[in-house]
Amino acid sequence: MNPNMMAKLQEMQQKTEEVKKRLDTITVEEKSPDGNVTVVMTGNREVKDISIAQELQQGDPEELQDMLVLAMNKAIASATKVNEAEMSSVAMGMLPNMGM
């Protein structure tokens with residue numbers, strides 16, 4: 001591997017780490033279809049908060065589980081979109097300069 005390419009790979013690795021740190025500061029918030037469960041997640045797909053409406057806490061546990069699953073899946077999908085967009089910007093910024 002030539003030195004120029006090695007330097008570009010190291011630069012890409014550094015930029016990737018910077019993006020990961022930035023993704024920790026970006027949050028997405030998604031709700032269950034009925035709005036009774038809210039999930040907050042970072043761009044790195046780490047759950048930061050889950051809010052459950054009082055009526056669900058007193059109600060049917062199975063309904064609560066269903067709403068949690070729905071809200072979590074929506075939050076994961078949103079966080080994944082943010083993550084992929086940020087990571088692809090690093091790759092696109094670096095690949096044309098790799099000299100391949």
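Buried means under 20% relative accessible area, and I kept that cut-off at hand while going through this predicted model.

**Entry: Ser-78.** I looked up Ser-78 and found its place in helix α3. Its relative accessible area is 18%, so I noted Ser-78 as buried, since the value falls under the 20% limit. Leaving aside neighbours within four places in sequence, I listed Val-28 and Glu-30 as the residues in contact with Ser-78.

**Entry: Val-28.** I then turned to Val-28, which, with neighbours within four places in sequence left aside, is in contact with Val-39, Val-40, Met-41, Ala-75, Ser-78, Ala-79 and Val-82.

**Entry: the nonpolar core.** Val-28 also belongs to the largest nonpolar core, which has 10 residues in all, among them Val-37, Val-39, Met-41, Ala-75 and Ala-79. I checked which elements give two or more residues to this core, and they are β2 (37–42) and α3 (61–94). Helix α3 gives the most to this core, with five residues.

**Entry: Leu-68.** Is Leu-68 buried or partly exposed? I recorded a relative accessible area of 23%, so Leu-68 is partly exposed, because the value lies between the 20% and 50% limits. The place of Leu-68 is in helix α3. Apart from neighbours within four places in sequence, Leu-68 is in contact with Val-37, Ile-50 and Ile-52.

Technical notes
Residues numbered from 1 in each chain as written. Predicted model: local features only at pLDDT ≥ 70, side-chain atom pairs only at ≥ 80, totals over all residues. Heavy atoms only, no water. Core = buried A, V, L, I, M, F, W, Y, C linked by side-chain atoms within 4.5 Å. Buried < 20%, exposed > 50% of the residue type's maximum accessible area, 1.4 Å probe, protein only. Helix = DSSP H or I, 4+ residues; strand = E, 2+ residues; numbered from the N terminus. Contact = heavy atoms within 4.5 Å.
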